[in-house]
Amino acid sequence: NCGKWDIASHPLNDSTGAEESINYEPVNCGSSPYLSFAKEIKKQTGIPVGLIQTALGGSPLARWNPAQEGDLYSNMLKKIENAGGRVKGVLWYQGCADTNQTSDAESYKERFLQMVKCLRDDLKDPDLPVFTFQLNRYITPPVSSYEDRNWSVIREAQREAASEGHSIYVLPTIDGNLSDMIHNSSSFNLVLGKRLANQVLSKLYDRKTFSDAPDLKAVELKARKLLLHFYPVYDRLYAGEASISEYPFTVEDDLGIIPILNCSFLNRSDVLIELNRDVAGNVSVHAYFGQNPKCRCLYDFSTHYPILAFSKKVQ
């Protein structure tokens, strides 16, 4: 933030001596996954890593989208230019501030992809890789039912952006412990840094390593049964000794929530959900629904990465 290279240390977003008031943190900033990420990349490749810090805690996407306010976006471009004008990738963890309004949540994917396109155009790098995280939890009672749902809307937008956009990647955080109501703990940031390093090593450095979390690739509805197919799964999906009520799935239709009778694994990557009644009208299936989903995570046994959160309409 002060415009000079230094040895990275926590807090990465220290506002002391910041060149621009736009970088002043309104509260005491804490730990970050990106310091441990950079150390792991250096350890595995021997290549020094420079982190250009431009984040601002609690900022909405509108401030990063040049088609909207875009003030933080402009500041980011300035910082990149001052550091040489080229970056190997972008590390992105944001979205909580866009859960307050349904219009922001429902337009999140479109606006995020718009920002990515502008950044690639401005940096003259059409394949600039962008590495993202889904939202974790917010462990307070939801202010409203629509804000509660907006957390799932944004997690789905983050998943779809990675699926639909090229060179955009996403990792889960839903299994992590928090240091307060909303921020990841220091210990979990170490976990996220390692996950991110594995993904970047795979995508940008051609290293053979576990890189991606299981993602919902297909869902099929037949009578009172839903078949979910996940990919990639490096070993097999498992949920430990979780009871049916602890599984992360929620199914709803025009009549409301449909109780789940049973969940079973058909093979290493398919999950069968059995419902206790016929569906009526529009059907959606969710994983980790809402602001603070009370459930156990479903993991890939080999990586211990949880499945990505999703909210999928069933045709």
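Strand β7 (residues 249-253) is mostly covered, with 4 of its 5 residues buried, where buried means under 20% relative accessible area, exposed over 50% and partly exposed in between, computed with a 1.4 Å probe on protein chains only. Strands here are DSSP runs of E of at least two residues, and helices are runs of H or I of at least four residues, both numbered from the N terminus.

This is a predicted model, in which local features need pLDDT of at least 70 and side-chain atom pairs count only at pLDDT 80 or more, while totals for chains, interfaces and linings use all residues. Residues are numbered from 1 along each chain as its sequence is written, and side-chain values use heavy atoms, with hydrogens and water left out.

Strand β7 is joined to β11 (residues 283-287) by 4 bridges, and these two strands run antiparallel; two strands count as paired if DSSP finds at least two bridges between them. Glu252 has Ser284 as its bridge partner in β11, and Ile257 as its bridge partner in β8. The strand β8 (residues 256-257) is antiparallel to β7 and joined to it by 2 bridges, and β7 and β8 form a hairpin with 2 residues between them.

An open sheet of 3 strands has the order β1-β2-β3, with parallel pairing. Its edge strands are β1 and β3, each of which pairs on one side only, and neighbouring strands are turned by 20° against each other on average, direction ignored. Angles are taken between N-to-C directions and run from 0 to 180 degrees, with axes as lines fitted to C-alpha atoms, for helices over the stretch in contact. Between β2 and β3 the parallel pairing extends over 4 bridges, and Thr132 stands opposite Val170 in β3. Helix α6 packs on this sheet, touching β1, β2 and β3, and its direction makes about 150° with that of β2; contact here means heavy atoms within 4.5 Å.

Helix α6 (residues 186-204) has 19 residues and reaches 26 Å from its first C-alpha to its last, close to the 27 Å expected at 1.5 Å a residue, the expected span being 1.5 Å times one less than the number of residues. Its buried residues include Phe188, Leu192, Leu196 and Val200, and the buried residues of α6 pack against α1 (33-45) as well as β1, β2 and β3. After α6 comes Asp206, whose phi is positive, near 55°.

## Helix α4

Helix α4 (residues 108-122) has 15 residues, and its reach of 21 Å from first C-alpha to last is close to the 21 Å expected at 1.5 Å a residue. The buried residues of this helix are Tyr108, Arg111, Phe112, Met115, Val116, Leu119 and Arg120. An α-helix has 3.6 residues a turn, so residues three or four places apart point the same way.

Leaving aside residues up to four places away in sequence, Phe112 touches Leu61, Trp92, Val130, Thr132, Ala161 and Ile168. Lys124, which follows α4, has a positive phi near 55°.

## Nonpolar cores

The largest nonpolar core has 45 residues, and those with the most contacts inside it are Trp92, Phe112, Met115 and Leu196. Such a core is a set of buried Ala, Val, Leu, Ile, Met, Phe, Trp, Tyr and Cys residues joined through side-chain atoms within 4.5 Å. The elements that give two or more residues to this core are α1, α2, β1, α4, β2, α5, β3 and α6, and the largest share, 6 residues, comes from α6. Apart from this core lies another, of 29 residues, among them Ile174, Cys263, Tyr288 and Val314.

## The antiparallel sheet

A separate heading is given to the open sheet of 4 strands, which has the order β4-β5-β10-β9 with antiparallel pairing. Its edge strands are β4 (215-222) and β9 (260-265), each pairing on one side only, and the twist averages 20° from one strand to the next. Strand β4 is joined to the antiparallel β5 (residues 225-231) by 7 bridges, and Val219 has Leu228 as its bridge partner in β5.

## Cysteines

The structure holds 0 disulfides, a disulfide being a pair of cysteine sulfur atoms within 2.5 Å. Cys297 is in no disulfide, and the nearest cysteine sulfur, that of Cys295, is 5.9 Å away. At 9% relative accessibility Cys297 counts as buried, whereas Cys2 is partly exposed, with a relative accessible area of 36%.
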